[in-house]
Protein chains: 2
Amino acid sequence: MRLYGPILEPLAKVEHRLNQELQSPYESLIPVLRHGTQLGGKRLRPAMLLLAGAAVAELTDEHVVLGTVIEMVHTATLIHDDVLDEADTRRHVPTINARWNEHTSILLGDYLFAQSFRLAATLPSTQACRWIGEASRLVCEGELRQVLQRDVIEIDEETYFDMIRGKTAELCRAACQLGAKFSGGNDASVDALGTYGNAVGIAFQIADDYLDLWGEDDTIGKTLGTDIAQGKMTLPIIRLMETASNSNRAGIVRILRGPAGERLERIRPFLEQSDARQYTRCIAERYRRSAIDALAGVRDSAAKVSLAAIADFSVDRRF
Amino acid sequence: MRLYGPILEPLAKVEHRLNQELQSPYESLIPVLRHGTQLGGKRLRPAMLLLAGAAVAELTDEHVVLGTVIEMVHTATLIHDDVLDEADTRRHVPTINARWNEHTSILLGDYLFAQSFRLAATLPSTQACRWIGEASRLVCEGELRQVLQRDVIEIDEETYFDMIRGKTAELCRAACQLGAKFSGGNDASVDALGTYGNAVGIAFQIADDYLDLWGEDDTIGKTLGTDIAQGKMTLPIIRLMETASNSNRAGIVRILRGPAGERLERIRPFLEQSDARQYTRCIAERYRRSAIDALAGVRDSAAKVSLAAIADFSVDRRF
């Protein structure tokens with residue numbers, strides 16, 4: 001993948017290590033673990049970790065370990081998300097719950113969490129364990145808040161951003177900070193790359209919200225309107241609610257509380273009359289810009305060019 | 001509790017720390033986190049950790065941190081177990097899935113895992129992270145194997161012991177090893193107390209199997225026969241299958257594959273004709289004995305007396 005040009009070799013090592021770490025002496029576990037490694041897809045977080053490291057200085061074997069750790073944590077959250085969302089496929093691959101069952105998903109996610117921490121603890125200091133532990137905690141906190149708020153329609157933008165910061169951005173921030181730190185980056189560059197990671201994570205999540213309403217099913221690999229069907233408030237819907245007239249708002253609330261399968265179709269006309277689509281693109285663009293700005297103090301390199309390209313990709317992608 | 005006499009004060013500190021660690025600035029999370037801390041019950045693992053430490057030398061603040069960590073990991077696994085078992089109550093307290101829903105259970109368990117690792121990483125070395133990460137991995141591996149083997153009736157004793165070693169014993173082993181190690185114990189005493197913890201964990205699990213068939217519902221706080229209703233092979237049932245005549249075995253298999261709610265009642269006569277009950281007690285007793293034997297090289301102390309009392313309790317309890 002062109003985006004990852006400067007780190008193709010270490011990224012291949014992460015892939016190799018991931019496969020190694022998910023071996024098992026127990027035959028019954030092998031197909032489940034192997035399937036788990038195939039759900040991750042874009043390997044965005046290890047790529048950001050490696051690029052952040054390469055943007056500061058040389059990459060080391062520790063970066064490969066950390067990239068593997070961060071992808072395992074991410075995969076664990078995906079597998080549990082697929083249970084929460086009752087999803088049957090993820091990027092055209094059957095989910096663990098579809099191919100086995102929910103119980104297997106829960107325990108495989110737990111297994112990956114535990115294994116990732118075990119691997120992080122093989123590094124010489126507790127630095128990685130602390131950052132990864134804290135980032136994972138914030139991810140779970142964000143997701144837990146989202147589940148407890150499900151079907152709560154009165155969510156404002158502040159609460160929304162607070163939740164997605166936890167849910168999506170923290171792991172991207174931790175990935176970039178770890179990459180920079182383990183290349184010997186000083187506090188300023190660790191912070192700058194952390195800010196970059198956080199902004200890219202948020203831009204990515206907003207683009208996800210956008211694609212759930214205006215993407216192409218075939219390309220994104222899931223059914224449109226899944227978020228509103230599940231009672232998740234996304235940025236376009238929050239904007240729609242905030243800008244609707246009182247009478248329209250009552251109608252929108254009825255739709256959002258109505259049959260899950262009809263919500264997308266019925267809310268479409270309201271969405272198209274509002275500025276929700278353009279507003280969402282505009283906010284995503286603002287975070288893309290912040291991500292690029294955060295790179296200003298980082299020395300020029302092929303890795304930095306790739307980091308900027310990932311920020312662009314986060315909002316311009318179609319999947 | 002008399003068993004925990006020599007460590008009542010540090011155990012109260014663990015309880016306090018546990019409550020502290022499960023605070024949140026988000027109001028929606030507070031009742032869920034508070035409810036989570038109430039599910040643990042006996043606090044057996046932190047007690048074993050503290051007693052193992054006290055049996056070797058002085059306890060430190062680090063023992064309190066470690067006790068909190070190990071109880072959080074244990075609570076996380078309980079909360080996920082309640083989803084797997086579709087349990088409504090645990091020791092007369094409603095489960096998270098009963099009071100909220102399965103999604104909340106999954107994410108709260110994840111939150112506790114992450115938080116426990118974050119806390120373990122505040123200690124000066126990676127020692128605790130490594131042992132706790134590895135023990136958690138083995139717990140998940142054991143549980144995952146059990147789920148993948150559910151409704152597989154042809155399980156031998158070797159496979160059974162292998163699974164429960166992971167599922168139940170590893171965390172008890174890690175608790176005792178950590179307690180001893182953080183009191184400055186040498187390799188011999190860390191190993192001896194680890195062996196003790198492992199044996200107590202296995203004895204505890206066998207007693208659980210026993211109580212599921214011959215306990216009193218009111219005292220154990222769950223319905224009898226839950227294990228066979230869920231297609232879990234326990235030691236008494238494995239023994240029954242191994243010793244049954246060919247014609248009886250066919251009948252037993254039919255019962256175990258038949259309606260879940262009828263299994264206990266229909267298998268009772270076969271169980272009472274066999275030596276399964278006595279055999280199960282005898283094997284539990286063997287592990288109790290191993291646990292006591294492992295303490296031989298540990299200097300005499302009030303803590304050691306309590307460790308022996310816990311080994312006795314593990315098989316003689318009624319709940």
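# Briefing: chains A and B

In this predicted model, 34 residues of chain A are in contact with 34 residues of chain B; two residues are in contact if their C-beta atoms, placed from the backbone, lie within 7 Å. Because the model is predicted, local features need pLDDT of at least 70 and side-chain atom pairs count only at pLDDT 80 or more, while totals for chains, interfaces and linings use all residues. Residues are numbered from 1 along each chain as its sequence is written, and chains are lettered from A and ligands numbered from 1 in the order in which they are written.

**The side of chain A that touches chain B**

- Helix H4 (61-84), helix H6 (102-120) and helix H7 (127-148) of chain A are the elements that give two or more residues to this side; helices (H or I, at least four residues) and strands (E, at least two) are DSSP runs, numbered from the N terminus.
- H7(A) supplies the largest share, 13 residues.
- By type, the residues of this side are 17 nonpolar, 9 polar and 8 charged. Ala, Val, Leu, Ile, Met, Phe, Trp, Tyr, Cys and Pro count as nonpolar, Asp, Glu, Lys and Arg as charged, and the others, Gly among them, as polar.

**Packing of H4(A) with H7(A)**

- The axes of H4(A) and H7(A) are 12 Å apart, at an angle of about 15°. Axes are lines fitted to C-alpha atoms, for helices over the stretch in contact, and angles run from 0 to 180 degrees between N-to-C directions.
- H4(A) and H7(A) are therefore roughly parallel to each other (angles under 35 degrees count as roughly parallel, over 145 as roughly antiparallel, 65 to 115 as roughly perpendicular and the rest as oblique).
- Leu66(A), Val69(A), Val73(A), Thr77(A) and Leu84(A) of H4(A) make the contact with Ala128(A), Ile132(A), Ser136(A), Val139(A) and Val147(A) of H7(A).
- The residues of this contact comprise 8 nonpolar, 2 polar and no charged.

**Packing of H3(A) with H4(A)**

- Helix H3 (residues 44-56) of chain A packs against H4(A) at an angle of about 150°, with the axes 8 Å apart. H3(A) and H4(A) are therefore roughly antiparallel to each other.
- From H3(A), Arg45(A), Pro46(A), Leu49(A), Leu50(A) and Gly53(A) meet His63(A), Leu66(A), Gly67(A), Ile70(A), Glu71(A) and His74(A) in H4(A).
- The residues of this contact are divided into 5 nonpolar, 4 polar and 2 charged.

- The largest nonpolar core has 202 residues, and Ala203(A) and Ala203(B) have the most contacts inside it. Such a core is a set of buried Ala, Val, Leu, Ile, Met, Phe, Trp, Tyr and Cys residues joined through C-beta atoms within 7 Å.
- Leaving aside neighbours within four places in sequence, Ala203(B) is in contact with Ala284(B), Tyr287(B), Arg288(B), Ala291(B), Ala311(B), Ser314(B) and Val315(B).
- Ala192(B) is placed in helix H9 (residues 187-214) of chain B. With 24 other C-beta atoms within 10 Å, Ala192(B) is buried (buried means 20 or more such atoms, exposed 12 or fewer, and partly exposed in between, with C-beta atoms placed from the backbone).
- Residues up to four places away in sequence not counted, Ala192(B) touches Ala294(B), Gly297(B) and Val298(B).

- Most residues other than glycine have a negative phi.
- Glu86(A) has a positive phi near 50°, and it lies in the loop between H4 and strand S1 (89-90) of chain A.
- Glu86(A) counts as partly exposed, with 13 C-beta neighbours inside 10 Å.
- In chain B, Glu86(B) has a positive phi of about 50° and is found in the loop between helix H4 (61-84) and strand S1 (89-90).
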